[in-house]
Amino acid sequence: MNYFLTGATGFIGGRVAQQLVEAGHRVTAVVRNPEKAQDVARLGVTISKGDVTDKESMRAPMQGADGVFHIAGWYKIGARDKQAGTAINIDGTRNVLELARELAIPKTVYTSTLAVNSDTHGKLVDETYRYTGPHLTEYDRTKWAAHQIAEQFIAQGLPLVIVMPGLVYGPGDTSSVRTTFIQYLQRKLPMMPRQTAFSWAYVDDIARGHILAMERGKPGESYIIAGPTTTFEDAMQLAEQITGVPAPRLRVGPGVLSAGARLMGVVERAIPVPDDYSAEFLRINAGVTYIGDNAKARRELGYNPRPLKEGLAETLQHEMRLLGMPVPGDTKS
């Protein structure tokens with residue numbers, strides 16, 4: 001099969017490209033800067049210069065594809081400049097889906113997120129859940145808007161499948177999740193938020209979920225491809241078991257973090273603040289639950305993400321080696 005891919009230089013997109021090539025498929029990826037896509041090119045992916053914000057730059061490389069994976073997205077929590085969120089997440093999604101319709105692409109998979117549901121207040125929601133209130137971050141808002149656009153294209157007949165990851169982690173991550181893990185390993189993580197919970201999924205499982213959605217997903221359907229649901233506190237206790245590095249003993253409740261978010265919302269209007277002290281960052285750690293039930297994906301796609309302890313072990317041991325730390329039971333260390 002011949003697949004077209006956006007976001008190939010990203011964390012998830014790179015793994016999807018790798019798995020597609022390993023399965024014997026031909027892959028064409030559109031990237032803004034081909035010089036920064038050499039790792040992807042070495043996999044055997046055909047690189048085409050383009051950008052999701054420029055619809056016509058994608059037309060030629062998408063032409064004739066058997067399927068499209070639209071994975072590219074903007075993910076910045078606490079960034080002062082948020083304009084790219086609209087340009088990439090909203091307008092970029094519209095551009096890709098318009099082209100898929102114009103070129104009569106047989107099937108498209110769009111990467112949404114559990115964040116479109118915002119804080120579920122402890123409820124493990126499924127694909128029928130709909131949230132219409134204010135969002136905690138600009139990322140959440142723009143991805144929610146893009147999700148609505150995707151559903152509009154489905155209603156108009158586009159053969160489109162939506163996948164919804166939760167928190168994605170694993171070796172090669174460049175997000176704040178990796179920053180948190182490194183701070184923990186270096187014993188610089190100041191505290192842990194109470195009650196905050198995520199549905200965690202290892203990046204290779206998320207990539208596999210995308211491919212299963214292309215192969216087995218029913219057009220018009222959405223699939224939550226998140227992993228096991230665990231609080232941040234419990235995840236860090238697992239991390240301590242794996243690494244021997246003590247988890248932070250200070251636990252901070254939702255009320256304190258919510259108050260801090262309100263304060264920083266005032267401060268950051270006047271002066272720049274680090275992303276992990278921003279109002280957005282504090283809000284999404286104030287007892288928030290970004291969680292979802294993957295039962296439908298298990299049932300209809302055969303999706304089977306690995307246990308959190310297994311994925312965390314691979315991730316944390318990878319980071320420990322990069323940091324030059326001894327890894328328990330590792331002869332390499």
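A residue counts as buried when its relative accessible area is under 20%. By that criterion 5 of the 6 residues of strand β2 (residues 26-31) are buried, so the strand is largely enclosed by the rest of the structure. The model discussed here is predicted.

**Strand pairing around β2**

- Strand β1 (residues 2-6) pairs with β2 in the parallel sense, over 5 bridges.
- Within this pairing, Y3 has V27 of β2 as its bridge partner.
- T28 has T46 as its bridge partner in β3.

**Nonpolar cores**

- The largest nonpolar core has 65 residues, of which M62, Y169, F181, Y184, W200, M236 and L312 touch the most other members.
- Elements that each supply at least two residues of this core include the helices α4 (83-102), α5 (138-155), α6 (176-185), α8 (232-243) and α12 (308-322).
- Strands β6 (160-164), β7 (167-169) and β9 (197-202) likewise each supply at least two residues of this core.
- The greatest contribution to this core comes from α5, with 7 residues.
- Leaving out residues up to four places away in sequence, F181 touches Y169, W200, M236, L312, T315 and L316.
- Another core, of 31 residues, lies apart from the largest one; A17, A29, V40 and L212 are among its members.

**Aromatic contacts**

- The structure holds 6 aromatic pairs.
- In the pair of Y169 and W200, the ring centres are 6.2 Å apart and the planes lie at 75 degrees, an angle over 60 degrees, so the pair is edge-to-face.
- Y169 belongs to strand β7 and W200 to strand β9, so this pair ties together parts that are 31 residues apart in sequence.
- Y169 and W200 are both buried.
- Y169 also pairs with Y202: the centres are 5.8 Å apart and the planes at 75 degrees, so this pair is edge-to-face as well.
- Because Y169 lies in strand β7 and Y202 in strand β9, the pair ties together parts that are 33 residues apart in sequence.
- Y202 is buried, as is Y169.
- One aromatic cluster is formed by Y169, F198, W200, Y202 and Y290.
- A charge-over-ring arrangement involves K296, whose charged end sits over the ring of Y223 at 4.9 Å from the ring centre.

**Loop residues**

- N117 is located in the loop between β5 (108-111) and α5.
- With a relative accessibility of 4%, N117 counts as buried.
- Setting aside neighbours within four places in sequence, N117 is in contact with V125, Y129, Y131 and M164.
- H121 is placed in the loop between β5 and α5.
- In contrast to the buried N117, H121 has 67% relative accessibility and counts as exposed.
- Most residues other than glycine have a negative phi.
- H121, which is not a glycine, has a positive phi near 55 degrees.
- Q195 is not a glycine either, and its phi is positive at about 75 degrees.
- Q195 lies in the loop between β8 (192-193) and β9.

Technical notes. Residues are numbered from 1 along each chain as its sequence is written. This is a predicted model: local features need pLDDT of at least 70, side-chain atom pairs count only at pLDDT 80 or more; totals for chains, interfaces and linings use all residues. Side-chain values use heavy atoms; hydrogens and water are left out. Buried means under 20% relative accessible area, exposed over 50%, partly exposed in between (1.4 Å probe, protein chains only). Helices (H or I, at least four residues) and strands (E, at least two) are DSSP runs, numbered from the N terminus. Two strands pair if DSSP finds at least two bridges between them. A nonpolar core is a set of buried Ala, Val, Leu, Ile, Met, Phe, Trp, Tyr and Cys residues joined through side-chain atoms within 4.5 Å. Contact means heavy atoms within 4.5 Å. Rings of Phe, Tyr and Trp (its six-membered ring) pair if their centres lie within 6.5 Å; planes under 30 degrees apart count as stacked, over 60 as edge-to-face and the rest as tilted. A charge sits over a ring if NZ of Lys or CZ of Arg is within 6 Å of the ring centre and within 35 degrees of the ring normal.
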